[in-house]
Amino acid sequence: MMKVVVGAGSCGIAAGAQKVYDALQALNTENTAFELRITGCNGMCFLEPIVDIYEESGDLTRLVKVTAADAQKIASAVENQNLSALDTLKISDEDAEFLNKQTRIALRHCGVIDPESIEDYEKIDGYRAIRKVLLEMTPEQVIEEIKTSGLAGRGGAGFPTWFKWNAARSAGGEEKYLICNADEGDPGAFMDRAVIEGDPHSLIEGMLIGAYAIGAKEMIVYVRAEYPLAIKRLENAIRQAEKKGYLGENILNSGFSCKMRIKAGAGAFVCGEETALIESLEGSRGMPRLKPPFPAQAGYWHKPSNINNVETFANVAWILFNGGEKFAAMGTEGSKGTKVFALTGKVRRGGLVEIPMGKTLRDVIFDIGGGIRGGKQFKAVQMGGPSGGCIPESLLDTVIDYKALGATGAIMGSGGMVVMDEDTCMVGMAKFFLDFTAKESCGKCVHCRLGTKRMLEVLTRIADGNGQEGDIELLEELCYSIKDGALCGLGQTAPNPVLTTIRYFRNEFEAHILDKKCPAGECTALISYTINPEKCIGCAKCARNCPVHAISGTVKQVHSIDPEICIKCGKCAENCNFGAVEVH
Amino acid sequence: MECSCKNVHSDLSLLDTVLDTYANVDGSLITILQKAQEIYGYLPQDVIRHISEKTGIKPAKIMGVATFYTQFRLKPVGKYLIMLCKGTACHVNGSDLIEKTITETLGIHDGETTEDGLFTLKNVACLGCCSLSPVMMINEETYGSLTPDKTKKILAELTAQAKEGANT
């Protein structure tokens, strides 16, 4: 019997995957025509909803942008064993390259297995690594293997994983905790969600290996409350693992016991910082603690604790199963293995991209992502979220490596990659991030609490056309004092988006301040709308949609906008079918 | 200014099972508040006082926690909670335009509720559906690739749905 698999991550479901699944199920009530299953997100978000059909031979036919209306066609094609009837839905060879060009380790099972079935996971060597670890290896050997692999924290800081594990192992005391940071707060990053939704058992297995290595008896996953599906699938996976004896007392008769629970976060970006996360786990406001002592010495309830993020743990079982050397064989001198990027923004093919370190930004954005959509020009790529920076076109050949990316002023971060084209204003971008950090600053340190507010004020006045000479220098001064005066990673890195945009797009800041112009045409205070008489056919649609009646003209005649009345809402441009409304 | 919450009398017994489970477990305050919000839709003041009495945590600390995290609300919300994503990808792809559309259609800004109690608008940082940006989530259902027209259609459908529900 053929197997029909619907990609049902939360982005797939938002695109309509659940409706496709329900329609297919209604046509297969007796379960005789085909086997219907779900899978996690395979990362090809630009083609959702996706349906994979596996023939008995194992051959795969991938259908894209499927709607519930296609269900009948799919069901009959599968029943009649005639998949050529589905040619119009099949993925194009060009789009298929998106996946073919990747090397998947952390995402190895996403979009392949059913995340709600532990049997599916076991069938593809799942829980084999933990068996090997518990029955054949000492904790020291596990840490040594991770050291060989060169695995570094994928959450942002890039700290060597083995070092943290070793510190927590060496700390005294019986009671220790292993914590997973799944509070994926970076706007623009969603790989951790994809891993939990698509392959929750590999997270459990990776965490178990870590818990054994440091000697923890309890594991906690701190997940964002904004990810309800991830929480549901992880809860289900924990119950399954408990039933099969992978969690609980005396796991696999090894004498090692460990339990696991989920803690839903309540929405605070700063809780991605490990000591703030611990405060939040203890039920308090998530305000960072002074380090030292580090969590490895005094963390959750002041007991030795180790915190890694989801993507880091997703690599662990693979490393122990295949050997650290195989992982270290990929990448550069200082950055080993692969990294997942969430490619979004103005790019043609957006989604999750996992590639070995050492590839270039150009490889990811142009070769895999297909470049900018709509024939526009690439302007910059924002990496590392509110802690990162904007990298311009001249640096697109920078290799993906912690050090090389750091040298640009951006950071590897958790892997958000937001691509911007010529229509994105860089002053607006800097303002956007400052608005975010000013809101998310926990308020503990004065430099961060007030400094980000002052910076936001300066950026707002620049965008509003009220910038003054010396504002750029003032911004820079504020940036450096926040960097020096903030306690935690959020504050220390908050100025990065501003520093990088000033560094690479200083001319845009100057255009706003000196010429009172927004080159990208985005800052409403600095733009004006006009109607191109060559293109206007006089349909009067713009005039009908103008909320302030600023547009005049008779039908079939060229219309015009009165700049005195115009509030620059953009309704005319949005409604013109002929591209006659132009922004200056 | 007179406190507007003095007349609120919530059914505190609804919280009994939650408090029986968590009141004496250290570090459970956020979990208790999350469960309370699930029950009451927000955190009424008498509920906060009740939690304080049962857990021994001072009301000031509870308020500190409740105001720190974006998830918690101290006012009731509408039947439909619109969480509009203002993440980077959504910003680049025009979430400001969507916010403007919602404001124009419903007459509410971020944090406000319509007079008929149907819709509340809340801007959120990132919903993690960046490839479908701009995105909003209404009562756990995600709507992606929004345009002003699509947004208006969704809001109109929900309004019609609510009216239908009220009539039957």
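Close-up 1. The model shown is predicted. Helix α7 of chain A covers residues 139–149, and helix α10 of chain A covers residues 200–214. Their axes come within 8 Å. They cross at roughly 120°. Angles of 65 to 115 degrees count as roughly perpendicular and those over 145 as roughly antiparallel, so α7(A) is oblique to α10(A).

**Close-up 2. Residues from both helices make the contact between α7(A) and α10(A).** On the α7(A) side, look for Pro139(A), Val142(A) and Ile143(A). On the α10(A) side, find Ile209(A), Tyr212(A) and Ala213(A). Sorted by class, the contact has 6 nonpolar residues. It has no polar and no charged residues.

**Close-up 3. Chain A is divided into domains, among them domain 2 and domain 4.** Domain 1 spans 3–97, and domain 2 spans 118–327. Domain 3 runs over 338–421 and domain 4 over 426–513. Domain 5 takes in 528–583. In chain A, the C-alpha centres of domain 2 and domain 4 lie 35 Å apart.

**Close-up 4. Domain 2 of chain A is in contact with domain 4 of chain A.** Here 12 residues of domain 2 meet 9 residues of domain 4. Between them, the two domains bury about 870 Å². Carbon and sulfur atoms account for 80% of that area. Which three residues supply 51% of the area that domain 2 of chain A buries against domain 4 of chain A? They are Phe269(A), Met287(A) and Pro288(A). No other three residues of domain 2 supply more.

Terms used: Residues are numbered from 1 along each chain as its sequence is written. Chains are lettered from A and ligands numbered from 1 in the order in which they are written. This is a predicted model: local features need pLDDT of at least 70, side-chain atom pairs count only at pLDDT 80 or more; totals for chains, interfaces and linings use all residues. Side-chain values use heavy atoms; hydrogens and water are left out. Axes are lines fitted to C-alpha atoms, for helices over the stretch in contact, and angles run from 0 to 180 degrees between N-to-C directions. Helices (H or I, at least four residues) and strands (E, at least two) are DSSP runs, numbered from the N terminus. Angles under 35 degrees count as roughly parallel, over 145 as roughly antiparallel, 65 to 115 as roughly perpendicular and the rest as oblique. Contact means heavy atoms within 4.5 Å. Ala, Val, Leu, Ile, Met, Phe, Trp, Tyr, Cys and Pro count as nonpolar, Asp, Glu, Lys and Arg as charged, and the others, Gly among them, as polar. Domain bounds come from an automatic or database domain assignment. Buried area is the accessible area (1.4 Å probe) that two parts lose on being put together, summed over both.
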